[in-house]
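Work through the exercises below with the sequence and the 3D structure in view. Each task is followed by a solution that goes step by step.

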Amino acid sequence: MSRNIENHDSVLLLQDCIAGCKMALESMDDIREHTDDKQLRELIDKYYDEHTGLSVDCRDMLDKAGADIKCVCKDGCEAADCNEDGSE
C-alpha cells in the first residue's frame with residue numbers, strides 16, 4: 001500500500017480498518033476470558049498482537065498524512081479528538 005494518502009476514500013478505508021481491528025480485539029478479549037485450552041489461548045494472543053500492529057500501522061499512516069483518526073468508541077461519538085478509541 002502506498003504511504004502517500006491522496007484521496008478521501010483511502011482515509012475512510014484506514015479509519016474503517018482501525019474500527020475493524022478494535023472490534024476484533026474486543027472479541028478476542030471476550031473469548032480469552034472463557035478459554036481454558038492453551039493452544040487456543042496462544043492462537044488468540046498471536047492474532048491479538050497482529051491486529052494491534054495493524055491498527056498502529058493504520059494510525060501511523062493517517063497521522064503521517066495529517067488526517068483525523070475517527071473515534072470508534074462504543075457510544076459512537078465519532079469525535080476526532082476522543083480518547084475512547086482504544087489508543088494509548
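**Exercise 1.** Is Glu-50 buried, partly exposed or exposed, and what is its relative accessible area?

Solution. Before any value is read, note that this is a predicted model, in which local features need pLDDT of at least 70 and side-chain atom pairs count only at pLDDT 80 or more, while totals for chains, interfaces and linings use all residues. Residues are numbered from 1 along each chain as its sequence is written, and side-chain values use heavy atoms, with hydrogens and water left out.

Step one is the scale: buried means under 20% relative accessible area, exposed means over 50%, and partly exposed lies in between, for a 1.4 Å probe and protein chains only. Step two is the value, which for Glu-50 is 39%, so this residue is partly exposed. Step three is the location: Glu-50 belongs to helix α2, where a helix is a DSSP run of H or I with at least four residues, numbered from the N terminus. Although Glu-50 and Leu-25 are 25 residues apart in sequence, their C-alpha atoms are 9.8 Å apart in space.

**Exercise 2.** Describe how helix α1 and helix α2 pack, giving their angle and the distance between their axes.

Solution. Start with the extents, which are residues 8-33 for α1 and residues 38-65 for α2. The two pack at an angle of about 155°, and their axes are 9 Å apart; here axes are lines fitted to C-alpha atoms over the stretch in contact, and angles run from 0 to 180 degrees between N-to-C directions. That angle makes α1 roughly antiparallel to α2, a label used for angles over 145 degrees. The residues of this contact divide into 16 nonpolar, four polar and five charged, with Ala, Val, Leu, Ile, Met, Phe, Trp, Tyr, Cys and Pro counted as nonpolar, Asp, Glu, Lys and Arg as charged, and the others, Gly among them, as polar.

Two further pairs can be followed across the sequence. Gly-20 lies in helix α1 and, at 29% relative accessibility, is partly exposed; its C-alpha is 8.7 Å from that of Ser-55, which is 35 residues apart from Gly-20 in sequence. Val-56 is in helix α2 and is partly exposed at 40%, and its C-alpha is separated by 8.2 Å from that of Ile-18, 38 residues apart along the chain.

**Exercise 3.** How many salt bridges does a search of the whole structure find?

Solution. In general, side chains of opposite charge can pair when their charged atoms come close. The criterion used is a side-chain nitrogen of Lys or Arg within 4 Å of a carboxyl oxygen of Asp or Glu, and the search finds four salt bridges.

- Lys-22 and Glu-26 meet at 2.3 Å, N to O, and because they are four residues apart in helix α1, about one helical turn separates them. Lys-22 is buried at 15%, while Glu-26 is partly exposed at 27%.
- Asp-29 and Arg-32 meet at 3.8 Å, N to O, and, being three residues apart in helix α1, they are separated by about one helical turn. Asp-29 is partly exposed at 30% relative accessibility.
- Lys-38 pairs with Glu-42, the closest N and O atoms being 4.0 Å apart, and both lie in helix α2, four residues apart, about one turn of the helix. Lys-38 is exposed at 62%, and Glu-42 is partly exposed at 45%.

Note on methods. Angles under 35 degrees count as roughly parallel, over 145 as roughly antiparallel, 65 to 115 as roughly perpendicular and the rest as oblique.
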